[in-house]
Structures are given as C-alpha cells and as structure tokens.
Amino acid sequence: LMSYKIGCGKADITVFVYGKGMMGYGMHPNVAKSVETPLSVRAFVLQDTQTNNKVTMVVAEICFYTIALKDAVLKKLQSEHPELRYTNANLMLSAQHTHSAAGGYSHHILYNLTIPGFQPLVFNKIVEGTITAILQAENSLTDAKINLINGEFAPHLPVAFNRSMLAYNNNPDVKKLTNKENHLAIDRTMKLLRFDTPEGKPIGSINWFGVHTTSISNDNTRLCYDNKGYAAAYFEQDIQQQTNNQQFIAAFAQDVAGDVSPNYK
C-alpha cells in the first residue's frame, strides 16, 4: 500500500495590458479591454513517502504553457529552492486552455504575431504565480490518500460537440454518425483525481474532460477563465462551504479537446 503526502496551492495570474491580444483565437481584434474574472494557477504536489519521489501538476487559466515559461519556472525554482529537487521530469505544467487570457508569453514569434509582440509583464506574472502556487503546495504537504473516479455522461446529454464529423467518421474503428449526432462523437468520460486526508477530509481535486475552453467567443474583449474556470470556482466554493475548509483547491484541467467544442454547430 503506497503512502502519500499531498499539498495544494493557488495563486493569481491576472495580468491586464489594455489593447493587447489574447491567446487562442489568433485574431488581431481579439484584444483585452477589461477584466471579467480573475485568472488563477493551481498546483498539486504528490510525494511518495517511502521514496520521497514526487511529481507536481500545475493547471493554469491560460491558453497553454510555453517552453519559455517552463524554462523560466524551472530555472528560478532550481536557483532559489534547490532543496525542492525540481527537474524537467517531475514538474508538469498544463493549462485549462481558455482563449480569453492575455497572450505574448512565448519566445516563438508565431505565437506573438496577433498580440502583437512579446509581453514581459504577462510572462513574468505567469512565472511568479506558478512558483507561488507550487511553494504553497510544498508548504501544505500532509498525509493523504488518492482516489480516481471515472464517469460517463448519458447519451442524451449534449455536453459537447464534435466540430469535424467528416474527420471523425474517417476513423476505421468508430460507428459512423450523422452531423446531428455530433455530441456522441467525443470522449464522454469525465475523470476526477481526488485527494483526501486519511480521515476523509477533502484536500483538493483535478478533473479532466475534453472540451475546448471557448464558450466565450472571439469578439470578447474581457479577460475570462471561461467554462473550466467557472467550473473550478463554483466547485471550490461548494466544497469549501460544505466542509468549512477554505484551503480546498479544485482544478478543471484539459483532456483530449481536439475538435470538441462547447458550442452547438
């Protein structure tokens, strides 16, 4: 029986630069003019108490982490906190894929074309927030157990839609579906990794479901964490109220989102 210590952390990464582009839609008019919701980054440290080996999973409310961001986070952790033993192998940085967060945090020109340009303020805020969340998680490590739960949405529930039915039906191993059945042409499994104390008190959770974080359209001009951000915020609030544990943290991470849209086509 494996024994774990688990810690969770959360930090703000809201950074607003008026008139600069958001990352995801790749459209020049899709710029930030105000803030609708705060943006957060959540970190989860999972440590094996027998070997002291660990893995840290981070989920940020941005479109995606870039190589430049991970390099900067690792460099700072290794220089300022070498005792934490972070490497490229035990640090997993992921994003829930909102298209309504600030862009300009890549060192590749292609991803900065519509912003336009590299944005040091945005880049540094994401790096600092990521490190803050990781350090919070490290400092809150406690004995814990892990549960993995899978659930299927009933076929009549149109939870998401495949926007490329022609490509889907070209797969030799699938039942051919019509365009009206595009809500069935997706992975309808939701996964939940749940962290509890040995006594059963909730510590945190990571949820995976494959759907684009694009409920908000490309004419939006307000920074927003979109559908997965709303899910995370409301789930955290609900569990915190039920358990009176204000430190409970829930991330709604991204799964196989490919051609899966939250918008009916």
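1. Let me start with Asp 196, which is buried, with a relative accessible area of 2%. (Buried means under 20% relative accessible area, exposed over 50% and partly exposed in between, using a 1.4 Å probe and protein chains only.) Its partner is Arg 194: the two form a salt bridge whose closest N and O atoms are 2.8 Å apart. Arg 194 is partly exposed, at 37%. A salt bridge here is a side-chain nitrogen of Lys or Arg within 4 Å of a carboxyl oxygen of Asp or Glu.

2. A word on the source: this is a predicted model, in which local features need pLDDT of at least 70 and side-chain atom pairs count only at pLDDT 80 or more, while totals for chains, interfaces and linings use all residues. Residues are numbered from 1 along each chain as its sequence is written, and side-chain values use heavy atoms, leaving out hydrogens and water.

3. Searching the whole structure gives 11 salt bridges. One of them joins Lys 5 to Asp 143, with the closest N and O atoms 2.9 Å apart. This pair links distant parts of the chain, 138 residues apart, with Lys 5 in strand β1 and Asp 143 in strand β6 (residues 142-152). Lys 5 is partly exposed at 30% relative accessibility, and Asp 143 is partly exposed at 38%. Helices (H or I, at least four residues) and strands (E, at least two) are DSSP runs numbered from the N terminus.

4. Lys 125 and Asp 12 also meet through their side chains in a salt bridge, at 3.8 Å from N to O. Here helix α2 supplies Lys 125 and strand β1 supplies Asp 12, 113 residues apart. Lys 125 counts as partly exposed at 31%, and Asp 12 is partly exposed at 38%. Elsewhere, salt bridges that share partners join Lys 10, Arg 42, Glu 61 and Glu 236 into one network.

5. Now for Ser 40, which lies in strand β3 (residues 40-48). Ser 40 counts as buried because its relative accessibility is 10%. Leaving aside neighbours within four places in sequence, Ser 40 is in contact (heavy atoms within 4.5 Å) with Lys 10, Ala 11, Ile 13, Val 59, Ala 60 and Glu 61.

6. Among the buried residues of α2 are Val 122, Phe 123, Ile 126 and Ile 134. Their cover includes β1 (4-12), β3, β4 (54-60), α1 (67-80) and β5 (91-95).

7. The largest nonpolar core has 38 residues, and Ile 62, Tyr 65, Leu 91 and Tyr 105 have the most contacts inside it. Helix α2 gives the most to this core, with eight residues. (A nonpolar core is a set of buried Ala, Val, Leu, Ile, Met, Phe, Trp, Tyr and Cys residues joined through side-chain atoms within 4.5 Å.) Sequence neighbours within four places aside, the contacts of Leu 91 include Val 58, Val 73, Leu 77 and Ile 134. A second, separate core of 15 residues includes Leu 46, Met 57, Phe 195 and Ile 203.

8. Last, Asp 259 sits in the loop between β11 (249-254) and β12 (260-261). Asp 259 is partly exposed, at 32%. Its C-alpha atom is separated by 8.2 Å from that of Val 211, 48 residues apart along the chain.
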